[in-house]
Amino acid sequence: MRISMLSSRDKGTVGRRTSAAVALGAVLALTATACGDDGSGAGGDKGAEGSGKGKIVFWDNNGGIRTAVWKEIIADFEKANPDIDVEYVGIAATEYQSKVDTAIQGGGLPDVGGVTASMLAGFSAQGALEPLDDRLTESSLSGKLNKDMVESLKAAGGGDGTLYSMPTSANNGVLYYRTDLFEKAGLDAPTTWDKFYAAAEKLTDAGKNEFGYTIRGGSGSIAQAFDAMYGQSGITSFWDADKKKTTVNDPKNVEALEKYAALYKKVTPAADVNNDFAKMVAQWDTGTIGMVNHNLGSYQDHVKALGVEKFRGIPQPVGASGKRVQVSNPVDGLGMFKSSKNKEAAWKFIEFATSKEQNSKFNESAGQVPSNTEAANDTWIQKAEPTKLAAQALNDGSTTIVQLPYYLPDWNTVSKSESEPGFQKVLLGDMSAKDFLDGLAEKLNEAQAEWTEQMG
């Protein structure tokens with residue numbers, strides 16, 4: 001088993017992305033060339049079932065963060081399947097999509113890779129992923145996976161209802177807060193947005209380097225900003241009634257983003273403008289900041305840094321209506337690349353990794369909700385309060401989820417690399433929240449129109 005970390009360049013702005021992606025997939029399908037058993041094909045290569053033995057290559061879409069648990073799962077798999085060798089390649093989450101896109105176009109795809117809902121449409125539009133519906137139906141996993149997670153991945157795959165990724169887990173937005181600091185300040189738990197803002201202000205003493213909140217201004221900032229926007233505005237749909245225009249620049253969302261962005265440097269550290277999740281989480285774990293928004297994945301980091309007595313992780317605050325509204329978080333999964341020359345072995349690995357024991361092991365490490373319904377009953381979930389509360393919030397009717405358009409092939413690009421610099425300008429006061437959201441809405445409306453035309 002070989003561990004390696006790969007890097008790649010970010011994608012630039014692409015005009016007419018949906019049409020281009022579909023066209024590229026067609027071209028690749030027509031010009032596919034033969035590739036070896038090392039998973040070296042490109043997006044349109046058809047691959048082969050193979051012998052079910054030999055080597056397969058697995059790309060982890062959260063390398064470093066999840067490397068240790070994947071090494072355990074791979075070791076278990078190789079012990080159970082001595083004729084199969086898994087080469088592990090860990091790729092940082094911030095670099096993964098561009099790395100796969102480059103391989104789709106130029107060759108070098110693995111047999112199996114992490115494929116979240118947010119990546120599905122772009123990869124499938126380029127003809128890179130193997131449909132998994134029939135394999136699931138005929139496997140030991142049939143009827144044992146969370147139906148909502150399966151349906152989410154089907155919906156995100158490009159509109160035809162095909163399953164291109166086997167769900168492994170569901171992540172969820174969490175508000176972590178320091179119970180000891182709140183108790184000392186006489187504050188209630190930040191269960192509403194009003195309590196959240198009041199606590200952020202009261203817990204701040206910049207002169208002592210104490211802050212009420214840490215805001216994500218670097219990579220991955222937009223999803224967190226969306227949660228704050230829709231959570232406060234109470235808007236429950238990403239599109240208007242005709243599904244032609246996005247609601248991101250609705251006046252209520254503009255007002256919500258203005259209020260949220262105004263927290264920067266007032267009750268947050270100045271370094272937040274450049275912080276990705278790793279830096280933000282590490283900063284909160286130093287113990288001088290009251291609250292941080294992240295997801296279930298950082299729970300174990302907080303336990304190691306603070307212990308379970310000094311913090312809690314609760315669902316996002318509720319709005320003025322008393323209802324909780326939050327945006328959908330990508331379901332994570334494992335996809336098989338169509339170019340694989342050893343699909344039988346690749347499927348064995350996917351099936352094994354999603355089995356009860358291994359799925360439970362992965363999600364206990366990640367602190368996320370298992371996709372395997374048998375694993376979802378394991379005792380560790382009852383002991384991990386944020387995971388338990390997140391699952392309850394999603395199932396008890398108290399939460400409305402705004403479904404993000406992961407099906408748009410250019411969703412990831414528009415919502416990340418094309419928008420994050422603009423959000424930083426909002427934080428710094430160099431751009432208004434309205435101008436930022438109007439510009440984002442224009443790109444999203446164009447992408448939706450192109451997608452609708454392609455599907456029509």
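Predicted model: local features only at pLDDT ≥ 70, side-chain atom pairs only at ≥ 80, totals over all residues.
Local features need pLDDT of at least 70 and side-chain atom pairs pLDDT 80 or more, while totals for chains, interfaces and linings use all residues; side-chain values use heavy atoms, with hydrogens and water left out.

**Stop one: Thr246.** Select Thr246, in the loop between helix H9 (221-233) and helix H10 (251-261); helices are DSSP runs of H or I, at least four residues, and strands are runs of E, at least two, numbered from the N terminus. Leaving aside neighbours within four places in sequence, Thr246 is in contact with Tyr230, Phe238, Trp239, Ala441, Leu444 and Asn445 (contact means heavy atoms within 4.5 Å).

**Stop two: H10 and H19.** Now show H10 with helix H19 (residues 433-455). Where do they touch? The contact is made by Asn253, Val254, Leu257 and Glu258 of H10 and by Ala433, Lys434, Phe436 and Leu437 of H19.

**Stop three: two loop residues.** Pick Asn209, in the loop between helix H8 (193-202) and strand S7 (211-214). Asn209 is not a glycine, yet has a positive phi of about 60 degrees, and is partly exposed at 48%. Then go to Lys265, in the loop between H10 and helix H11 (277-284). Lys265 has a positive phi too, near 70 degrees, and counts as exposed at 56% relative accessibility.

Terms used. Residues numbered from 1 in each chain as written. Axes fitted to C-alpha atoms, helices over the stretch in contact; angles between N-to-C directions. Buried < 20%, exposed > 50% of the residue type's maximum accessible area, 1.4 Å probe, protein only.
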